[in-house]
Amino acid sequence: MAENETLECITEHERILQEIESTDTACVGPTLRSIYDDQPNAHKRFMEKLDARIRNHDREIEKMCNFHHQGFVDAITELLKVRTDAEKLMGQVTDTNRRLQEAGREVTAQTEEVICCRIQQRNMATTVEKLQLCIPVLEMYSKLKEQLESKRYYAALKTMEQLEKVYIPRVSQYRFCQIMAENLPRLREEIKEISMSDLKDFLESIRKHSDKVGETAMRQAQQHRTFNSAVMKQASMGHYAKPVYSLNGRTHTHNGLMMDEDTGDEEEADEEILTAQDLVDFSPVYRCLHIYTVLGDRETFENYYRKQRKKQARLVLQPQANMHETVEGYRRYFNQIVGFFVVEDHILHATRGLVTRAFTDELWNMALSKIIAVLRTHSSYCDDPDLVLELKNLIVIFADTLQDYGFPVNRLFDLLFEVRDQYNETLLKKWALVFREIFELDNYSPIPVETEDEYKLVVSRFPFHDAEIEKQDFPKKLPMSQSVPQIYTQVKEFIYASLKFSESLHRSSTEIDDMLRKSTNLLLTRTLSSCLQNLIKKPHIGLTELVQIIINTTHLEQACRYLEEFITNITNVSPETVHTTRLYGLSTFKDARHAAEGEIYTKLNQKIDEFIQLADYEWGMAESDGRASGYLMDLINFLRSTFQVFTHLPNNNNDHASMSGKVAQTACMSACKHLSTSLMQMLLDTELKQISMGAIQQFNLDVIQCELFASSEPVPGFQGDTLQLAFIDLRQLLDLFMVWDWSTYLADYGQPTSKYLRVNPATALALLEKMKDTSKKNNIFSQFRKNDRDKQKLIETVVKQLRSLVNGMSS
């Protein structure tokens, strides 16, 4: 076993030695480590083995050195022999080199000169080549400077673009090109600032010129409208024909007619009118737009322009505080707005996208709302119809002008309806003053006509026709007063004034007819009616004047159909057309007449009250005076003279006769009833405590005069004793006390055939108690004291029975 292990150990050591000899020195470490990892003391045996191997190799080296030593010695000997020959050869080569250097020194100098010339020639060619590249750059830059100095900024930007994209890249390695390239952005910013400054100057300038631009545009629109109106008028009259050629300042038409030179002058004037482009230099806008487009900043420019124009629009839309005072204020306001939108319309069509239709529509809608609000506010301050009419004409021209430029203006025409209402209100106020002045200056007496010319003059102003009056000889009188033809004329003037507003509103004849009729209705039913009502209520208007007012309203009522015809002739709209508005003058004048009639009744009653207040009865008198009271006779005389006035009421036909008779009868009946009621109240006055039989007798005399007046037929037309029935209550009451017929009264009370049917028990009781108190103190009933006490008991019995009747009625 030990021998086997020794053999394996030796074999392993051999292998390790071979591996050490055959491998690189760096890889020996692992091999040596394996020696120490084996059996203990193995490294000692390996060291022994290694020493033996080293000795073996030393012996081999020694053998090899001994074998080659003689050859080495022989080689050294031969090398020493060659050394001498080498030294000789070196001397010869050095000498030859020296001679060669001396011989080539001149050639070398000439060669260096040639080389220098060739280098210079190449440099010159390179310089020329580079200069040919740089010269266009410098020329373009010089051109750029000239363009900037001459303010040709758009061309300058194009030159910069060429420099950057074409020329500078070719010579970008040179410093001056780098300086140029660095300078170009600064120049661009300068151009932007300059162009923006020009734009600001333009915006400021356009704000100043907007008034002139708008004035020119509105004048053109007005002339165009006037020309169209003239053409339509001539065409409707058959006198218009299309011009064919011009000769010697006259235009010949198809039908051979010639137009005056004035027309040619007007056309020349039209041609001389400048357009917005003539009045305003738009080049700053175009230039700035092109510049920002080239610089790639168009959106910034568009936003800035639109923002500034919006601000200017708001400034333009701000009216002056006193704009409503004169038409010039409105004209300047409209001119500025029209000028603003004419410029925007030109910008819209002359540029591509700077402003869009949506932007202009937005501006216009904003402006339209503001304009309508401003006009509503300021027109409400106008109290002059002429100013409102001029405002309407301006609005129409304003709307037509902007409509020609494509802006929707329907809301403006709708606003005109509101302005029309305002115009009508101012007209109504103006005509209210006119009517008041006419009524104040009227003498309320029939119109005297001395000659036929005067008669024709009145008839030409007012449609009056009366066959009987026409047959009368001059001088004669017309039934109405001077205010009637004046009122009729003023109503026609009002219709003309109202018609003026309807012109140029692009409305149909039917609509205009409807407008005229409605405004006339307002004049009649509101203004004239109010003036009439106020006139009737005035304290200085007496019964005579009221009677004349009734006559006047009657004739004005008859004239309403002529006003209908007047409107129909103006509008050419048949009154039979469906939805045609009728005039309400009939009801107006009827109401005024009824009011006048009522005022007659009221004033009559007031006058009666004034006379009644003059009554001074001695209620305790023993016997009557034997004649009626003075105040009552004066009152009856007043009533007689008053009712004679009613004979002047119109009675030229059956209707008027019946109407006048009815008014007179009603007035007379009202007066009699009021007189009867007043006398009854006088008897039953609670402050009156005692009444004697003598006072009753005096009172009876006054009532008899009233009955005589009623039976004298102060106003014709009453049937039988109708008027006397107004005093029947008084008559029966006085008869009851005068006759002292209490037994009959009490027996027949409640019977339709009772003699004292109209005597109320409460009335009789009140009067009897006043007489009863008097009999106790003043011995009024002394005649009864001659009889027995049954008489006195009868009075007490009558009082009790009357009280029972009164209590029975109240229960």
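**Cavities**

I started with the lining of the largest cavity and found that its largest share, four residues, comes from α18. This is a predicted model, so I kept the cut-offs in mind: local features need pLDDT of at least 70, side-chain atom pairs count only at pLDDT 80 or more, and totals for chains, interfaces and linings use all residues. Residues are numbered from 1 along each chain as its sequence is written, and side-chain values use heavy atoms, with hydrogens and water left out.

How many cavities of 30 Å³ or more does a search of the whole structure find? I got two. A cavity here is a set of points, on a 1 Å grid over the protein atoms alone, where a 1.4 Å probe fits but cannot get out; lining residues have an atom within 4 Å of a point. Volume is the space filled by probe spheres set on the points, with grid points joined across faces, edges and corners.

The largest one has a volume of about 50 Å³. I listed its lining, which includes Phe439, Tyr444, Ile487, Asn552 and Leu556. α16 (483–502), α17 (509–537) and α18 (543–558) each supply at least two of the lining residues. Helices are DSSP runs of H or I, at least four residues, and strands are runs of E, at least two, numbered from the N terminus. The nonpolar set is Ala, Val, Leu, Ile, Met, Phe, Trp, Tyr, Cys and Pro; Asp, Glu, Lys and Arg are charged, and the others, Gly among them, are polar.

The second largest cavity comes out at about 40 Å³. Ile487 and Leu556 turn up in this lining too, along with others including Tyr488, Cys560 and Phe589. α16 gives the largest share, three residues. Its lining has nine nonpolar, no polar and no charged residues.

Tyrosine 444 sits in the loop between α13 (410–441) and β4 (447–449), and its phi is near 50°, positive although the residue is not glycine. Most residues other than glycine have a negative phi. Tyrosine 444 counts as buried because its relative accessibility is 9%; the cut-offs are under 20% for buried, over 50% for exposed and partly exposed in between, with a 1.4 Å probe and protein chains only.

Tryptophan 740 also has a positive phi, near 60°. I found tryptophan 740 in the loop between α24 (728–739) and α25 (742–748).

**Helix α12**

After α12 comes glycine 406, with a positive phi near 90°.

**Cysteines**

I searched the whole structure for disulfides and found zero, a disulfide being a pair of cysteine sulfur atoms within 2.5 Å. For cysteine 117, the nearest cysteine sulfur is that of cysteine 116, 6.9 Å away. Cysteine 117 is partly exposed at 48% relative accessibility, whereas cysteine 560 is buried at 5%.

Definitions and conventions:
1 Å grid on protein atoms, 1.4 Å probe; cavity = no way out; pocket = protein on both sides within 12 Å on 5 of 7 lines; lining within 4 Å.
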